Amino acid sequence: MKEDNCLHAALICLGMLYYSHAITTEKLNHARPSLHGHHEKGKEGQVLHRSKRGWVWNQFFVIEEYTGPDPVLVGRLHSDIDSGDGNIKYILSGEGAGIIFVIDDKSGNIHATKTLDREERAQYTLTAQAVDRNTNRPLEPPSEFIVKVQDINDNPPEFLHENYHANVPERSNVGTSVIQVTASDADDPTYGNSAKLVYSILEGQPYFSVEAQTGIIRTALPNMDREAKEEYHVVIQAKDMGGHMGGLSGTTKVTITLTDVNDNPPKFPQSVYQMSVSEAAVPGEEVGRVKAKDPDIGENGLVAYSIIDGDGMDMFEITTDYETQEGVVKLKKLLDFETKKSYSLKVEAANVHIDPKFISNGPFKDTVTVKISVEDADEPPVFLKPSYIFEVQENAASGTVVGKVHAKDPDAANSAIRYSIDRHTDLERYFIINAEDGNIKTIKALDREEIAWHNISVFAVEVHKQHQEAKVPVAIKVVDVNDNAPKFAAAYEAFVCENAQSNQQFITISADDKDDSANGPRFIFSLPPEIIQNRNFTLRDNRDNTASVLVRREGFSRQKQDLYLLPIVISDGGLPPLSSTNTLTIRVCGCDSNGSLLSCNAEAYILNAGLSTGALIAILACIVILLVIVVLFVTLKRQKKEPLIVFEEEDVRENIITYDDEGGGEEDTEAFDIATLQNPDGINGFIPRKDIKPEYQYMPRPGLRPAPNSVDVDDFINTRIQEADNDPTAPPYDSIQIYGYEGRGSVAGSLSSLESATTDSDLDYDYLQNWGPRFKKLADLYGSKDTFDDDS
């Protein structure tokens with residue numbers, strides 16, 4: 001092996017020697033003058049000398065992946081000035097020098113010390129130089145050369161993907177392109193056939209083929225059917241060296257799926273479907289299902305169902321369940337077993353999407369017969385009408401027939417029916433029904449003005465099957481009769497001026513009638529026959545359900561009569577008509593010249609003449625009482641030992657208020673609430689203070705009426721005093737509340753001397769000086785004797 005490599009390298013070197021030498025010589029013709037007498041004429045007759053190239057070198061090659069035991073000889077460098085005496089030293093530098101490539105400095109032989117890989121690096125650029133061994137003086141200029149790594153077929157082809165997935169429609173023509181697979185080879189494509197790839201199919205025949213040069217996979221058989229086989233596994237090989245023996249290869253797997261086309265029509269698995277449905281079924285209820293099988297998938301397998309013929313087209317309908325691809329037969333109308341017991345339908349199933357390429361395979365639809373039998377059901381009673389409306393006059397006698405309802409059993413048995421009223425719809429029990437014949441009667445009189453309509457429900461139940469019942473609404477209208485006389489529409493209160501003119505209108509009245517409009521308006525207003533010749537007032541019917549009251553004479557006086565009562569008769573338009581007499585209250589009032597109301601009080605009119613003697617006495621008595629109160633207040637104020645006025649420099653909280661009334665103690669429970677003497681620590685909740693005026697007010701006590709509007713001031717004051725004395729809400733502002741509880745937590749303890757065993761002279765009150773400003777007054781009063789004497 002070693003000899004073969006050396007021979008191969010020698011042949012390469014010999015082959016490239018002449019070529020390299022010629023190129024180098026051509027390059028150096030411009031580098032230095034020739035030393036061997038070859039002349040060329042330059043500018044202005046100058047003779048140029050071309051020197052002979054001193055280097056003998058080649059472009060070197062080394063085979064990759066060399067694994068011999070000795071370093072491989074790459075080539076040899078030699079200079080023509082080298083006489084072989086060893087005075088010339090060869091130096092190598094550049095890429096890989098000293099590591100990958102080493103040179104014998106005497107002979108110029110270059111060896112590769114490591115295995116080279118062309119796929120990692122294809123060539124190396126090195127620089128060679130010849131120098132004098134003793135002086136290191138360059139004998140030749142440096143010169144570059146290239147060491148190329150020669151490729152060998154050491155890399156197999158590799159596909160871009162380990163697995164490929166592709167789709168192709170079923171029934172595609174032969175040669176339809178499916179997918180292109182691509183492989184790559186890391187070897188040198190410019191050298192030999194190491195990277196020349198050829199594709200072939202190892203698995204997947206005879207369904208598919210592959211183009212040897214491009215790797216395109218194509219269909220190889222016509223009319224491949226997805227419904228027969230949907231997925232194929234194909235293995236493709238890529239081989240280098242042009243596919244010749246000795247080449248390396250790589251493989252990949254291709255999964256090819258046939259996509260669906262609509263090449264199959266739907267087909268029913270049977271020719272007749274039998275179904276049944278109860279006559280009690282409601283519209284929209286499902287009767288049964290049919291299904292036409294279509295081996296296609298997706299939109300190609302969608303099937304739409306329709307009824308195209310049959311005597312049940314009006315009674316049934318069919319819809320498509322697109323999740324299950326079934327036709328759902330549903331009830332369209334109510335069935336009656338006694339009328340028709342069976343129906344027949346012709347159902348068609350057709351593809352929704354049709355491919356024109358396969359229209360010749362059609363038709364893409366199928367039909368089937370569906371027979372539906374109606375089953376008898378125990379049905380509840382049926383009323384002849386969906387609802388009933390009756391009328392009855394108000395105030396009709398008990399037992400009056402209102403109307404009759406009727407129901408029947410639709411079944412062949414025709415069971416007897418019993419009727420009843422739903423008492424939830426007739427809580428007041430106005431009506432009763434005959435259980436046998438359905439006649440509805442009144443139990444008590446009806447009043448249209450209270451309830452104009454009664455809405456009840458009537459049950460019909462089969463006698464022998466209590467669970468079979470039906471219900472029907474019954475509306476009963478109470479017909480109005482003229483049983484309510486008209487009345488004033490409002491509580492009228494009229495006034496007339498003292499200076500009213502004759503025939504002057506001062507009020508317009510109207511009426512109201514609870515009866516229906518047929519028995520109410522139009523209203524007729526009139527005066528009773530006995531006062532038609534009334535000389536004070538007269539009445540005018542406006543014939544629009546209103547009437548105007550007018551003054552008949554001039555001049556009224558509040559002193560003589562301040563109130564008039566005018567009876568007015570109002571009749572309605574019913575048959576027979578009803579009437580009522582209503583009284584209009586008319587007050588005489590004082591008015592200004594424009595007719596504006598000033599006052600309607602007769603007593604106020606009298607006040608203008610002057611005050612009575614009693615009123616004057618009452619006023620004087622009030623003045624005297626007020627003066628006495630002021631004098632007493634001043635007298636009491638002067639008798640005080642200490643002024644009640646708080647000095648500006650004193651704190652209000654330091655004042656001690658003295659009360660002369662000590663109260664009756666804890667045993668006295670009549671003047672105060674005993675609850676106030678309890679320990680406040682044990683009281684739960686809030687106890688309001690008695691000296692706070694309540695926010696709410698009570699009405700005056702029964703029997704006490706407001707003082708009349710008169711000039712008697714004495715009576716007025718006495719009335720107000722009586723109201724205040726009897727008012728339960730008046731707070732006792734002048735009362736003193738006695739509290740026996742002194743509180744807790746005081747550092748001073750009890751100030752009482754009742755429990756003291758010594759006399760005042762034996763007590764020492766000097767400690768009061770240390771209690772602060774709050775006890776300054778006590779300290780001054782009860783201080784030591786020396787201090788008291790000093791102060792005096």
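How far apart are the sulfur atoms of Cys-589 and Cys-600 in their disulfide? They lie 1.6 Å apart, in a predicted model where local features need pLDDT of at least 70 and side-chain atom pairs count only at pLDDT 80 or more, while totals for chains, interfaces and linings use all residues. Residues are numbered from 1 along each chain as its sequence is written, and side-chain values use heavy atoms, with hydrogens and water left out.

A disulfide is a covalent bond between the sulfur atoms of two cysteines, and here the term is applied to a pair of cysteine sulfur atoms within 2.5 Å. The structure holds two of these links. The link of Cys-589 and Cys-600 is right-handed, with 100° about the S-S bond. This pair connects distant parts of the chain, 11 residues apart, with Cys-589 in strand 44 and Cys-600 in the loop between strand 45 (597-599) and helix 2 (602-606); helices (H or I, at least four residues) and strands (E, at least two) are DSSP runs, numbered from the N terminus. Cys-589 has a relative accessible area of 0%, so this residue is buried, a word that stands for under 20% relative accessible area, as against exposed for over 50% and partly exposed for what lies in between (1.4 Å probe, protein chains only).

The other disulfide joins Cys-497 to Cys-591, with an S to S distance of 2.0 Å. Cys-497 belongs to strand 38 (residues 493-497) and Cys-591 to strand 44 (residues 579-591), so that distant parts of the chain, 94 residues apart, are linked. Because the torsion about the S-S bond of Cys-497 and Cys-591 is about -80°, this disulfide is left-handed, and both cysteines, Cys-497 and Cys-591, are buried.

When the bonded cysteines of the protein chain are numbered in sequence order, the pairing reads 1-3, 2-4.
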